[in-house]
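Good morning, colleagues. Please look at the structure on the screen while I describe one part of it.

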Amino acid sequence: MNKEAYQKKIASIQSQLNPDTHLLIVSKTRSEDEIKTYYELGHRDFGENRVQELLEKAEHLKNSCPEIRWHMIGHLQTNKVNQLFSVPNLWAIHSVDREELLEKILKAQDKLSGSLNIFLQFNTSKEEEKSGFADYASLKHAAQLIGKKSQIKLHGLMTMGTLRTENFEGEARRCFKELEQLRQKLSKELKLPLENSMGMSQDYKIALEENAHWIRIGTMMFS
Ligand SMILES: *Cc1c(COP(=O)(O)O)cnc(C)c1O
């Protein structure tokens, strides 16, 4: 893809977003040059799903892309948290999918130089291999573990739509509606503004209709 193609991609997506919605470009497996091209077009938010790859890219790009904001979106092992926290310009973790991981993050927070946003991942699809909190009570309990003065800021909720289904669009909509209901309920009970992270290349249009605040798009941005 040439620079013009990148510009067209980003303009096409931006034209579909309202002012409260953000595009997270998922750059896993993509080169640093590809990331830099989007950065130079003014884009700042990039997502990766593996700690090692994220750390390498972030180190290499920290001087040429000083305003970049990195988002961890992949399954995270507790023994990788310290390494993740050494990533320059780490802005958010979207994949906080269990209490054990959250506890580890809270314990390690003094290793952070600033604050860090987290999204609690909820398993709306109920597919077995998907991780995430499974019911409202455990979600709320996790949210309440985060103290008001913590460097860890609860930013919102994250989910993925069902992948293996004959009714892809219907299932995606059901998953996104469920996340939006959970977000509203939790936000009201905790008196805290929260955002939804939902929608990928295949289902982002549905996510936008169901009040996504962050859409996470990889494939479509690079092909
Ligand atoms: C890879 C990935 C995406 C982006 O998926 P595409 O289909 O490439 O747009 C979004 N979210 C998560 C958690 C991912 O792992």
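Which kind of unit do β6, helix α7 and β7 make? Strand β6, helix α7 (residues 168-190) and strand β7 make a right-handed β-α-β unit. A crossover is called right-handed if, with the strands pointing away from the viewer, the path from the first strand over the helix to the second runs clockwise. Helices (H or I, at least four residues) and strands (E, at least two) are DSSP runs, numbered from the N terminus.

A word on the basis: this is a predicted model, in which local features need pLDDT of at least 70 and side-chain atom pairs count only at pLDDT 80 or more, while totals for chains, interfaces and linings use all residues. Residues are numbered from 1 along each chain as its sequence is written, and side-chain values use heavy atoms, with hydrogens and water left out.

Let us turn to the pairing, which requires that DSSP find at least two bridges between two strands. Strand β6 runs parallel to β5 (residues 116-121), joined by six bridges, and Leu120 stands opposite Leu157 of β6. Three bridges link β6 with β7 (residues 195-197), again in the parallel sense; here Leu157 faces Asn196 of β7. With helix α6 (residues 136-145) in the path, β5 and β6 also make a right-handed β-α-β unit.

Is strand β6 largely enclosed or exposed? Six of the seven residues of β6 (residues 152-158) are buried, so the strand is largely enclosed by the rest of the structure. Buried means under 20% relative accessible area, exposed over 50%, and partly exposed in between (1.4 Å probe, protein chains only).
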